[in-house]
Amino acid sequence: MVVKEVSMSSTYYVPASSRWPIIAVLVLAVLAIGAGSSLSFGWGGGLAIVGFIGVLLVMYFWFADVVRESNSGLYDQQMDRSFRQGMGWFIFSEMMFFGAFFGALFYIRTFALPWLDGEGAKGISALLWPDFTFSWPLLNPPGADIKGPDAVIDPWHLPFINTLLLLSSSVTLTAAHHALRAGNRRSLKLWLVATLLLGFVFLVVQGIEYVEAYRHLGLTLQAGVYGGTFFLLTGFHGLHVTIGAAILFVVWFRVVRGHFTADNHFAFEAAAWYWHFVDVVWVGLFIFVYVI
């Protein structure tokens, strides 16, 4: 295995103009319109698939350009700082994304549903649903046209297994990082493969959990506000795990190709930041969605 030693440029590098940002906006718009139409009106699934494939293609070609520039030694310390700041802001935006969903869950549990039960200054809304009794998880939605779930998922079964899987994957990824810094590429590849396997098993277990929820517990997207918040939070998290696994696979592929050195491997670190963030979000989900 030949490790490509790439030194940073001593001059400030200004990237050439790129067509990928505007193309990314267009395919993301197609994906959003298709997915939104599919959920709201029952059409647009094909459009969403086209948008999703477009996103994957843009990511492939855009990141390929970045890798070529990096391997050509064009980047300097300023570019490295720019990448780190950009990744930091990206993860901050992801924190706000999940924070909005956690905030919605908190608002529903702490304010909205108790008001419907007659508590607080806005408790007059209890007149609209006099037989409604607040409890969480909500198994008896106030509207008779909405059927709540028959039961909820046991947090100490599949969700707890998934918690152990993701926490273990953070450990294996950290071990891979240490191996990279030590120049031990064989251990680096093995720890990365272990991380990918743990992420893959997590997604399989979550799929089994969804099947159990739909078939045996009546817990669906239509099962009132509990079903909606449950699948939105866990579903978006599962999507982020899938994206993180795809990023780690690319990192593993680059490791096999001899990319990264002990001192120059921000792409690896960025992927690790993202994976650890996804793991932290899951811990929050496990506590606030499954346990409490």
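## Basis

The model is predicted: local features need pLDDT of at least 70, side-chain atom pairs count only at pLDDT 80 or more, and totals for chains, interfaces and linings use all residues. Residues are numbered from 1 along each chain as its sequence is written, and side-chain values use heavy atoms, with hydrogens and water left out.

## Helix α1

Helix α1 covers residues 20-41. Helices are DSSP runs of H or I, at least four residues, numbered from the N terminus. The end C-alpha atoms of α1 are 31 Å apart. Its 22 residues should span 32 Å at 1.5 Å a residue, so the two values agree. The expected span is 1.5 Å times one less than the number of residues.

W20, A24, V27, G34 and S37 are the buried residues of α1. Buried means under 20% relative accessible area (1.4 Å probe, protein chains only). Their cover includes α2 (45-71). G42 follows α1 and has a positive phi, near 85°.

## Helices α5 and α7

α5 and α7 (residues 266-291) pack at about 30°, with axes 14 Å apart. That angle makes α5 roughly parallel to α7. Angles under 35 degrees count as roughly parallel. Axes are lines fitted to C-alpha atoms, for helices over the stretch in contact, and angles run from 0 to 180 degrees between N-to-C directions.

On the α5 side, the contact residues are L188, L192, T195, G199, F202, Q206 and E209. They meet F268, W275, W282 and Y290 of α7. Contact means heavy atoms within 4.5 Å. By class, this contact has seven nonpolar, three polar and one charged residues. Ala, Val, Leu, Ile, Met, Phe, Trp, Tyr, Cys and Pro count as nonpolar; Asp, Glu, Lys and Arg as charged; the others, Gly among them, as polar.

## Q206

Q206 lies in α5 (residues 185-217). Its relative accessibility is 6%, so Q206 counts as buried. Leaving out residues up to four places away in sequence, Q206 touches N162, T234, G238 and W282. W282 belongs to the α7 side of the helix contact.

## G148

G148 sits in the loop between α3 (77-116) and α4 (158-182). This glycine is buried, at 9% relative accessible area. Beyond its neighbours within four places in sequence, G148 contacts L139, P141, G218 and A223. The C-alpha atoms of G148 and T220 are 8.7 Å apart, although 72 residues separate them along the chain.

Methods: Helices (H or I, at least four residues) and strands (E, at least two) are DSSP runs, numbered from the N terminus. Buried means under 20% relative accessible area, exposed over 50%, partly exposed in between (1.4 Å probe, protein chains only). Angles under 35 degrees count as roughly parallel, over 145 as roughly antiparallel, 65 to 115 as roughly perpendicular and the rest as oblique.
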